Amino acid sequence: MQSFLETDEDFMDVVRCSFEMSPHLATVGSCAVIGVVSKAKLFVGNLGDSRAVLGTVDGSADSGNCLAVPLSQVHNVNNEDVRRELISKFPDDRQIVTERRGVYRVKGKVQVTRAFGDCYLKAREFNQEPLFPRFRVPEPFYPPVITAEPEVTMRLLSPQDQFIIFASDGLWEYVTPQEAVDVVYHTNRGDVARMLIKFTLQRAAKKHDMTYGDLLKLSRGQRREFHDDITVIIFFFTKDVNDTLWGESTYHSVRGNGNDSIRGDTVFEPDRQIQDEEEMDLFGVDDG
């Protein structure tokens, strides 16, 4: 938790030093979801609307059934519980949550209540000139109205737990956790991240009455109207003959402007290298 807050403070220092020349940096923010494995414990911390979902088999690995287990909550004011929680924290601000065309936003600006950055929603010093007036938060304003404090959960891993999907909201806009788990469970491991993104883009195309091929042909900027940036990391649990836990991951990312940004594979060292609870293997995804 402290690492999240320190990262946010470091970014705020960058914004502070650059504010006169680059005031727009005060409006830059990012959601994040991170997982930490220590021995048989899995910790997940998240900010915003990226998600972590566990795939765990129902019975034996040969049963053919793999269930989706959400490991994180979405911090978005379009979720009624999140909206009520934020409103309760600011009883004197009737505009803490605004609604337009069925979409709720914090102070009319962002949908998430937890994020890195977005400094103009966290401190008055960034809610003034030279920041352009259209970005400034209207009064009443009692900052911070969003936070970089993560929600952290813990799960004891079992032999039935197969993999974890870390993905940004661009994927979850079109795919349910169970659908994502089904795609991963029934796809070749080496190509699975790319295939999950393809599945998502096919859904986006169908929703907008176009073919997958037509969606890919859209020019830069146009695709942003049909889907957000999508980043996926899939972490597979593997054990060797000595019953030592290994981790392998595959990742892929596509931007809303149509450009693939990263893809690849990583093998994580076995947890026999962990000497105590403070030495942990770290993996995650950041929706920049």
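This is a predicted model: local features need pLDDT of at least 70, side-chain atom pairs count only at pLDDT 80 or more; totals for chains, interfaces and linings use all residues.
Helices are DSSP runs (H or I) of at least four residues, numbered from the N terminus. Aspartate 209 is not a glycine. Its place is the loop between H5 and helix H6 (212-217). Exposure means a relative accessible area over 50%. Aspartate 209 has 74%, and is therefore exposed.

Helix H5 itself covers residues 192-207. At 1.5 Å a residue, its 16 residues should span 22 Å. The end C-alpha atoms of H5 lie 23 Å apart, which agrees with that expectation. Several residues of H5 are buried: Val192, Ala193, Leu196, Ile197, Thr200, Leu201, Ala204 and Ala205. An α-helix has 3.6 residues a turn, so residues three or four places apart point the same way.

H5 packs against helix H4, which comprises residues 177-185. The two axes come within 9 Å and cross at roughly 135 degrees. The crossing of the two helices is right-handed. On the H4 side, the contact is made by Glu179, Ala180, Val183 and Val184. On the H5 side, the partners are Val192, Leu196, Phe199 and Arg203. By class, this contact has six nonpolar residues, two charged residues and no polar ones. Val192 and Leu196 belong both to this contact and to the buried residues of H5.

A positive phi also occurs at lysine 107, a residue other than glycine. The phi of lysine 107 is near 55 degrees. This residue lies in the loop between strand S6 (103-106) and strand S7. Burial requires a relative accessible area under 20%. Lysine 107 has 4%, and is therefore buried. Aspartate 209, by contrast, is exposed.

Two cis peptide bonds were also identified. One joins glutamate 129 and proline 130, with omega at about 10 degrees. Proline 130 lies in the loop between strand S7 (116-117) and strand S8 (151-156). The other joins glutamate 139 and proline 140, with omega at about 0 degrees. Proline 140 is likewise found in the loop between S7 and S8.

Definitions and conventions: Residues are numbered from 1 along each chain as its sequence is written. Side-chain values use heavy atoms; hydrogens and water are left out. Axes are lines fitted to C-alpha atoms, for helices over the stretch in contact, and angles run from 0 to 180 degrees between N-to-C directions. A crossing is left-handed if the near helix is turned anticlockwise from the far one by less than a right angle, and right-handed if clockwise. Contact means heavy atoms within 4.5 Å. Ala, Val, Leu, Ile, Met, Phe, Trp, Tyr, Cys and Pro count as nonpolar, Asp, Glu, Lys and Arg as charged, and the others, Gly among them, as polar. Buried means under 20% relative accessible area, exposed over 50%, partly exposed in between (1.4 Å probe, protein chains only). The expected span of a helix is 1.5 Å times one less than its number of residues.
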